[in-house]
Structure formats: C-alpha cells, structure tokens
Amino acid sequence: PRGGAPERIIGVGENASVVAVSPQGDRLAYTRSSIDTNIWRYPVQGSEAPVRLISSTRQEAGPEYSPDGRQIVYSSRSSGTSEIWICDERAANANQLTHFDGPATGSPSWSPDGRWIAFDSRPEGNPDIYLISPQGGSPRRLTSDPSAEVVPTFSRDGKWVYFASNRTGSYQLW
C-alpha cells in the first residue's frame, strides 16, 4: 500500500462491494448486488391471480391508494435513486414527485382529504418528515430534529402527522 487519496474505480456499476485482488494485481473480483422488488395487485374477493402492477428492474415499495382509490403513491428506485412516485390505479401515467437525487426517500402516506402526501427522506443525513402535493412541486419539511423521524401517517381527521422518532434514544411515536 502506497497510501494517498482514494480514487473511485469507474465502470464497475452500482452496489459493488466485497472486492478481491488477483495475485498479479491486474484484476478485481467483486460482488455486485441488485434487488428488484415490485408492487402487485390482488383482488380481495374472487379467484383472480395476483397481477404485477408496478415494476421496473429496480425497487418499488410502500404503495398506498389515495383516499378516492384513483391513484397510488409509492417509492421507487426506477430513476436510479429512491424517490416518491404517483400513478393512476391501473399503474399508468406514472409521475416522479420528488427529486432528491440520492438519499433514501420513502414511506409515503396520503392525507385523508387526498391533498398531501407525507414521506421521509434523508437529504442532510438523518431522516426527516416532508409533505408534497400529489401534483408535485417543492416538498415542505415538517421535522428538523437531529434525530431520525420516519414512517409518517396522518390522523383520521388529517390534522396531525404521526411518525416514529429516536429523539429520546429509542424509537417512540410522536
């Protein structure tokens, strides 16, 4: 080892880890992992089989129907980073709502009146709670404590946003 500043190795792709160097030092072997999760639809009554509803070659998770049942909000890595997306109930007309371009963003939850979507994201390192309109626009930050605030859920009347936080040293509901 000669030391010096680390240099990124270009061309190995995303999620590379666990590297081994050949004895001659001219080749690398490494692990490259990928996860492909999808969102499925299943009719509660009837005998239809489950149908893959929202999918890409990356991760889609955390779906939630809008209060009127006409839209679905979810988190997806289809843009390359974890973002909040929305589509109609048939999974058409998908639209990326957030554009944080890097930090983990997820756990979307509709307000009872359908005017807001709460979610968590980590643009400054620790997770905070944000709100965004289903039409898009700039997210509004709700929390800013230096602890983790995650997985928001609206109260039934839409006046409160509940979330988990470790601001006391262990996760509790706030």
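**Strands, salt bridges and a nonpolar patch**

Both faces of strand β10 are covered, with I117, F119 and S121 buried on one side and A118 and D120 buried on the other. Buried means under 20% relative accessible area, exposed over 50%, and partly exposed in between (1.4 Å probe, protein chains only). Strands are DSSP runs of E with at least two residues, numbered from the N terminus. The model is predicted, so local features need pLDDT of at least 70 and side-chain atom pairs count only at pLDDT 80 or more, while totals for chains, interfaces and linings use all residues. Residues are numbered from 1 along each chain as its sequence is written, and side-chain values use heavy atoms, with hydrogens and water left out.

Counted residue by residue, 5 of the 5 residues of β10 are buried. Strand β9 (residues 105-110) pairs with β10 in the antiparallel sense over 4 bridges, and S109 stands opposite A118 in β10. These two strands form a hairpin with 6 residues between them, and G114 in the turn has a positive phi of about 75°. On to the next strand: β10 and β11 run antiparallel and are joined by 5 bridges. Here F119 stands opposite Y130 in β11. The hairpin of β10 and β11 also has 6 residues between the strands, with G125 taking a positive phi near 105°.

The salt bridges come next. A salt bridge is a side-chain nitrogen of Lys or Arg within 4 Å of a carboxyl oxygen of Asp or Glu. By this rule the count comes to 5 salt bridges. One of them involves D120 of β10, which forms a salt bridge with R122, the closest N and O atoms being 3.4 Å apart. D120 is buried, with a relative accessible area of 3%, whereas R122 is partly exposed at 26%.

A second salt bridge joins the side chains of E124 and R141, at 3.2 Å from N to O. E124 lies in the loop between β10 (117-121) and β11 (128-133), and R141 in strand β12 (residues 136-141), so the pair ties together parts that are 17 residues apart in sequence. E124 is exposed, with a relative accessible area of 58%, and R141 is partly exposed at 31%. E124, R141 and D128 are linked in a network of salt bridges. Elsewhere, the side chains of D26 and R27 meet in a salt bridge at 3.9 Å, N to O, and both D26 and R27 are exposed.

β13 and strand β14 (residues 161-165) run antiparallel and are joined by 4 bridges; the bridge partner of E149 is S165 in β14.

I9, V19, V21, L28 and Y30 make a nonpolar patch of about 470 Å². Patches are made of residues with over 30% relative accessible area and no salt bridge, with like charges joined within 9 Å and nonpolar side chains (Val, Leu, Ile, Met, Phe, Trp, Tyr) within 5 Å. Accessible areas come from the Shrake-Rupley method with a 1.4 Å probe, and for residues only the protein chains shown count as cover. β1 (16-21) and β2 (28-32) each supply at least two residues of the nonpolar patch. V21 has its place in strand β1 and is exposed, with a relative accessible area of 57%.

Notes: Two strands pair if DSSP finds at least two bridges between them.
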